[in-house]
Structure formats: C-alpha cells, structure tokens
Amino acid sequence: MRLHTGPQALGLLLLVHFVGEVAGLNWTQCLVDIATNANATNNLTGLLDSNGNPVSNPFDATAISYSLCTSGFCGTGGGFDLNIFSQDFSSWLLPYLALISQLPYGAQYRLDNLMSAVLTVGSPALAGYSLFITLLNSRWINRRFNRSVDYPNSRFAVSIVSSLQQVPLTLHSDRTRFPSLVVLPENDSWWRYFSELVDYTHTWSIASATSIAWVVVAYILSVANSPSDSFVNAQAGTESTSSMWLWLIPIVVGWLQLSPKCDFYRLQAAYDRAYRHMRTMADAHVVTPPAFTQRAFTITAKEEDVMSPDELLTPPVFNYSRSLRWASTAETMFLVFKAASENAQSRIPVQFGSEWVESDDMKTIHPNNRCGSPQEITAYCAQTDYARRSHWAPGVFTRMALASCASLALQWGTVGGAFMVEWFTPTIGIGCRSLSYLLYGVLSTLIWMMLLMSSILAHYSAAYSCRTLLSARVALAFSHWLRRMGKLLAIVNSIWAVLGCILQYAGFYSTCFCMSSMISMGKAAAYVTIIETTAQAALAKAAWIGALVLVCASASFFVGFLFFTIEAATQFRKQVYKLLDFAGRSAGSAPYTLVSFTTVAVSWGTRASSAHHATQPLRVEELIPI
C-alpha cells in the first residue's frame, strides 16, 4: 500500500476542516486521525466513500462507519456552545413561541387557557381541524337559513348561533320556550340586542401583526441564511425547525380573521343582559318572573350535563368536542324558524281560526299574526318529521372530512417538509433530526384521531339520556379514556416540539449515532458522511427546494381556502349590520318594536350626555340596569 503525504493530505485537511467547523463537531480531527492511523497500520476497516462503500486509499475516505466513529477518534460529540445556542434559539424558535400568545383564549380559568395552548402546539392537526370545522359550520348554518327561512329575526338568529360555537349551546327542555322566542313579536328587541352584544370582534391588532411579521421575517432569513451546500445547511437546522413550526402562522391568521367569540365572562354578561329583555308566552302567565335558568336556551352547563368536560371550555381549539352538539342544536333552531317561515309564507296565522292580517309593509308580518297561546305557538313551529330526525346534523360528516383533510394537509405539509430535508441529508435515512420531526407529526395525528373519536363517541352516547343502553355506556367510557390519553399525549408532544429544537440548537444531534442514520440502516450498515459527493449535494439541494415549496404551498393553500370560505360569512355579517342599522333608524315607526338600537356597538356601562340622549334613539341600557 502506498503512503500519501504532502499536497494530497493537505487538501483533505483544508476540505474537512471547513465541514467540521460548520457542523459543530470536530470532524476534521476525527477523519484526519482515522486516516493517519489507517495509513500507518494498513487497516482500512471502516473507511468508506460517501455512498458507504469501502475505499482502498485512506485519504480518499469521505465517510466512516458507525463502529469506527465510536471507536474513540471522534469522541462523544460536539460540545455545547452557548453563543450559537442563544443565537439560534432567539432567532428561529422564540418568534414562534411568542406567536402562541396571539391564539384566542378566554377560558374561565387560566389553566384551561394553558391547556388550549398545549393542545395547539401538541397537535397542529387538531388546531387546524377546530378552526376549519368552526368555519364550515358557520357557512353551513348561514346557507341553511338563507335558502329556506324568511321570517323576522332569522338573520339575527343565525348570527347569534354562529357566534356561540365556543359554548355548550343547549335548548330548553320545554319545547314551548324557543318557539315562543321565535314567534312572539315582543321578543324582536331581544334578538337584535343579543346579536349586537355577541357580535364583538377580536381581530387584528398591532401586537398580532407584529408577531406574525416577526415569524415571517425569521423564516425568510432562515431560508436566505441557508448556504448553497445543502449538507452544511441541514446541519445548521434552522430552516428545518422553522418549517416544522410554520403551521402556526395559518392557524393564528385564521382565528384572527374568524374572530371567535370565546371570552367566557363577556359572553356570560351579554347573555344575562339580553335575557333581562326577553319575554316568552310561556312566562306570560306567571306572576313572578322566572329564574334565570328558565330560558329558551343556555350557553353554560354543569359538568354532569355534558358528555365531555371539554365542551365547557371556551377557547376555540376545544370546538372539536362540541361541534357535533352545536350542529344538532343549530339544526333544531333552524327547523323551528323554517316551520314558522313556511306557515307565514302560506299566510297562516299562529292563532287557530283567526284570519291573516295584512301589514302596511308587504315585507313585514303584522304582529297580530304572530300571537297565540303556548300550545298554538308550539304547533305552529312543529315539524312533521321531528320525532324521526337524526341525532346527527345533515352533512356533519362531510364537514368533518373536509376539515380533517385541510388540517392534515397543513400539518404534514410543514412537518413533512422538515422531515424531507433531514431525510435526504447525507447520510440519507432516518437520523435523530428526521426521527424527531416524524415522531412529532405522528403523535400530532394520533392526538387528533383520539380526540375526534372521543367527540364522536360522546355525541353518540348523548342520544341516550338515561344511558341505559350498554353500547352508550361503553362508548361514553371509551370516549373519556380517549380524551384523557389524547390530552396527555398532547402535553408530551408539545414539550417534545420545543425540546427537539433545543437539542438541535445545543448540538446534541451532532453525534455519531444521530449522523449515521443508524435508526433506519442498523448498526452494521450505518455510517457518517463527512464529505458529500456532487450527486449527493444535488439530491439534498433538490430535496431542500422541494420541501420549501411544499411548506409554503401547504400554508398558502390553507390560508387561501380560509379567506375564500370566510368571505361568504363576511357578506352575511354585512347583511346583519344593515338590518341593525335599519332597526335603529326605523324603530319608532315599527308597530311591534319595544326599543330601538344604535348602529354602533352597545356600550358596556357608559352613559352619554343628556343632550346626546335627546337626539338619539332610545338605547337598551336605558331600560335595563347594568
């Protein structure tokens, strides 16, 4: 065997010195020591080329086997560099952690807000699913009302029910109460008032825009900071971790655009204030005002009244747990309005035996046509197929499938992009970095599956109020187990998401075990590529470009689909605003209106000057003490 010294060895030293420095490990000294020892002892065992094949010249080696890497020449791995760690952590991970604060919360207890953040980070699939199912449910109920209902207050009703997806919406067990709320003209003011109260917005602010801009700039810099050598780029790991977290931008943007009504105390206050103004025919014969629990529908419940405790939590990431129940309640409300609308279009009054009274305005219904006894009102809004109506709302599984596809595409488009970069980084295969991304994605999907199945089983068991059926009891018990295990896995996965990035920035993955892809190749075939070939570099760079396109395309598609779907709801909201504006300007001439409203949001306790009150329509605050 011929010994190699001089310019050839010097060239090897210069080449591997650059790779060793940027990789964070002293691979230079490792490869030099091994090549020198092999040259002296004529033992080439473990010296390989970049494809894992043995070499005949020690100084032609560009890779080493896992066994040779751990023999003592390469030590235990790169040391922790506080400067590099702090720079990477603050530049690439911290912006995403700060963006979590822009998610919608609003729970009654702070621990529930923390759990909502944990669920979002622990399962991007679940967060995307809750966002999309909320949006699709709003669009569904809007279309149902727009196509089939033309009755007073129907526009306010659909606005209210769309805004109450973050609460356990339940109709009163007395079937006369909600039809009375729908039919009686005395309740028109309540519908307008409550619609104004719950139609508050929590949307874009300087803080949210700044946080999102910070993350976008950080991601752009991580891409721009990537050198042309994709192997060196992958060892730095900045664009991989940024890609893994990029799903957070569409989620935050989506919630900001949708503006969910999830502030528990604000919703409760609006609900209490509005119901002071309500009067149903069922209560008209009662001398003493009914207790606040005797209402047409409720937005709060006790834990024993719901199948899943998550239904009581207002942060919108928990919408997965109550979407089925909400859809069933919304369908029941729609059917009541639809029955009343069909009877009105047929010119049938509520009171039996009376004649239809024409209104001065052809677009309105005379209040005399909307009055009757509780029994007459109930019959007026009854559906012929009510008893046979399914426990599952129409199209609910289609909406669930669409929301699932959109959320999974977002998650695996971003996490999968990070996995793709690390997989094609020499040595090709599953190493510690790629395994961490794969594990995060798989656990996220598993959490989504467990919690979604939990909600389905809980809704199934809710159909049997007495819970005497064995299958319902088993389904409820299994639902509780799935929910607890899913949330436990979410805690573990959220910690792993942060810990995996920290380990990468700290250089923990720059070891023989992690860089040799031993997880997928096995100990005998595993090797560490120190100097890549031109073909390997081209493949890794192509994979990096493909991953970049996949990540950006999945996030853009999700946001684009959101904006396209939200646009329909925005147009409907404008119609509601026009109705509120019309009611505020024409309330004085309406024959059955009790109070009028201003077009601006109702003040929460502020009183204007006496001169202002002399020229403005009467506000509800002036009739109801705050």
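Buried here means under 20% relative accessible area, while exposed means over 50% and partly exposed is in between, using a 1.4 Å probe and protein chains only. Before going on, a word about the model: it is predicted, so local features need pLDDT of at least 70 and side-chain atom pairs count only at pLDDT 80 or more, while totals for chains, interfaces and linings use all residues. Residues are numbered from 1 along each chain as its sequence is written, and side-chain values use heavy atoms, with hydrogens and water left out.

Back to our serine. Ser 208 sits in helix 10, which covers residues 206-224. Helices are DSSP runs of H or I with at least four residues, strands are runs of E with at least two, and both are numbered from the N terminus. What does Ser 208 touch, not counting residues up to four places away in sequence? The answer is Gln 102, Thr 203 and Leu 256, where contact means heavy atoms within 4.5 Å.

Now the whole chain. The protein chain has 24 helices and five strands. Of its 626 residues, 54% are buried. Among contacts between residues at least 6 apart in sequence, 80% join residues at least 24 apart.

Phe 178 gives us an example. This residue is in helix 8, residues 177-183, and counts as buried at 4% relative accessibility. Phe 178 and Phe 297 are 119 residues apart along the chain, yet their C-alpha atoms are separated by 7.2 Å. Leaving aside neighbours within four places in sequence, the contacts of Phe 178 include Trp 191, Phe 297, Met 333 and Phe 337.

Glu 532 is another one to find. Look in the loop between strand 5 (527-529) and helix 23 (534-586). Is Glu 532 buried or exposed? Glu 532 is buried, with a relative accessible area of 15%.

Next, please find helix 18, residues 396-423. At 1.5 Å a residue, its 28 residues should span 40 Å, and the end C-alpha atoms are 38 Å apart, which agrees. That expected span is 1.5 Å times one less than the number of residues. Helix 18 also bends by about 25° at Gly 416; the bend is the angle between axes fitted to the seven residues ending there and the seven starting there.

Helix 18 has a partner: its axis and that of helix 6 (residues 124-148) come within 8 Å and cross at roughly 140°. Those axes are lines fitted to C-alpha atoms over the stretch in contact, and angles run from 0 to 180 degrees between N-to-C directions. Residues making this contact include Phe 132 and Trp 140 of helix 6, and Met 400 and Leu 408 of helix 18.

Finally, some backbone details. Most residues other than glycine have a negative phi, and most peptide bonds are trans. Asn 42, in the loop between helix 2 (27-41) and strand 1 (47-48), has a positive phi near 60°. Arg 347 has a positive phi of about 60° too, and this arginine is partly exposed, at 44% relative accessible area. A cis peptide bond joins Pro 426 and Thr 427, with omega about 5°. You will find Thr 427 in the loop between helix 18 and helix 19 (432-462).
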